[in-house]
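Have a look at it first, then go through the points with it open.

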Amino acid sequence: MISISRMSYSFNNHLALKDISFSMRQGEFVFLCGPSGAGKTTFMRILHGALPVQRGKVDVAGYDLNTLPERKKHLLRRDVSVVFQDFKILPRLSVFANVELPLKVRGVPRHIITKRVRAVLRSLHLDKKSFTLCEELSGGEQQRVAVARAIVVKPKLLLADEPTGNLDRDLSLRMMDIFQQFHKFGTSIIIATHNQEILDRMPDARIVCLAEGVMQDVRGTCQGL
Ligand SMILES: Nc1ncnc2c1ncn2[C@@H]1O[C@H](COP(=O)(O)OP(=O)(O)OP(=O)(O)O)[C@@H](O)[C@H]1O
Ligand SMILES: [Mg+2]
């Protein structure tokens with residue numbers, strides 16, 4: 001699903017990612033840990049094509065990001081969904097309108113859109129807020145809208161950048177159950193998190209750690225890929 005070889009990335013003269021090699025099989029579940037400023041968001045942004053590959057080789061979901069032109073990045077984004085750390089939902093639209101948007105863009109028929117959006121909102125306990133404007137939601141509710149929008153399209157790869165950062169303990173654990181359900185259906189998942197309890201509750205998941213731009217496998221090393 002992902003194959004990265006010797007990738008580095010700098011912002012001006014600040015080297016944010018250093019010589020990273022990483023691979024991930026289809027259907028793997030990976031936690032990405034590391035302190036603030038370690039490079040987690042930068043790593044995710046490269047995988048999603050929001051930042052260019054400056055050095056090294058990067059392959060994601062069958063797309064060679066070294067050569068994928070800007071005009072074809074929408075193809076990558078059909079297979080790779082992102083939950084952004086700062087949500088990036090549309091504040092003046094309702095919860096339902098935000099979540100249905102990626103399905104509308106894909107030309108999914110209306111009756112399927114309605115069914116899928118309702119099911120996802122129910123699973124994230126947002127059904128009562130369906131027609132509330134997103135600007136009127138709490139931070140935790142907005143975060144769940146961002147997750148709903150990412151999973152409603154059933155992506156091959158889900159990148160979630162601190163998806164439980166604004167949630168209380170119960171909601172965080174419920175959100176992890178939803179990610180695990182998705183994982184059972186075959187979605188590959190990378191979750192950036194600082195939440196130790198979540199890591200402890202998933203002893204089988206692989207953990208990689210970023211520290212000052214350097215990546216290390218911490219648990220469940222995936223060899224030979
Ligand atoms: N747009 C940018 N311009 C310049 N430097 C940046 C930019 N974005 C990130 N950086 C720098 O790159 C480094 C990695 O940032 P990044 O946002 O990837 O960290 P992070 O691990 O996601 O941190 P956090 O846990 O706080 O979200 C930091 O030193 C940051 O200051
Ligand atoms: Mg970040």
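1. Disulfides first: the structure holds 0 of them, taking a disulfide as a pair of cysteine sulfur atoms within 2.5 Å. Cys33 is in no disulfide, and the nearest cysteine sulfur, that of Cys209, is 5.9 Å away. Cys33 counts as buried at 11% relative accessibility, and Cys134 counts as buried too, at 1%. (Buried is under 20% relative accessible area, exposed is over 50%, and partly exposed is in between, with a 1.4 Å probe and protein chains only.)

2. Before going further, keep in mind that this is a predicted model, where local features need pLDDT of at least 70, side-chain atom pairs count only at pLDDT 80 or more, and totals for chains, interfaces and linings use all residues. Side-chain values use heavy atoms, with hydrogens and water left out; residues are numbered from 1 along each chain as its sequence is written, while chains are lettered from A and ligands numbered from 1 in the order in which they are written.

3. Now the strands around β9. Strands here are DSSP runs of E with at least two residues, helices are runs of H or I with at least four, and numbering starts at the N terminus; two strands pair if DSSP finds at least two bridges between them. β3 (residues 29–33) runs parallel to β9 (residues 206–211), joined by 4 bridges, and Leu32 has Val208 as its bridge partner in β9.

4. What does β9 do with β10 (residues 214–219)? The two run antiparallel, with 5 bridges, and Leu210 stands opposite Met215. They form a hairpin with 2 residues between them, and Glu212 in the turn has a positive phi of about 45°.

5. Ser81 deserves a look. This residue is found in β6 (residues 80–83) and is buried, at 6% relative accessible area. A polar atom of the Ser81 side chain lies 2.8 Å from the backbone oxygen of Ala150. Leaving out residues up to four places away in sequence, Ser81 touches Ala150, Val153, Pro155, Leu157, Leu158 and Leu159, where contact means heavy atoms within 4.5 Å.

6. Finally, the metal. Thr41 (OG1) and Gln85 (OE1) coordinate the magnesium ion (ligand 2) at 2.0 to 2.3 Å. Thr41 lies in helix α1 (residues 40–47) and Gln85 in the loop between β6 and α3 (95–105), so the pair ties together parts that are 44 residues apart in sequence. Thr41 is partly exposed at 29%, as is Gln85 at 41%. Donors are N, O and S atoms within 2.8 Å of the metal (3.2 Å for Na, K and Ca), and because water is not among the atoms, sites may look incomplete.

Note on methods
A polar contact is a pair of N or O atoms within 3.5 Å; within protein, one must be able to donate a hydrogen and the other to accept it, and residues adjacent in sequence count only if both atoms are side-chain atoms.
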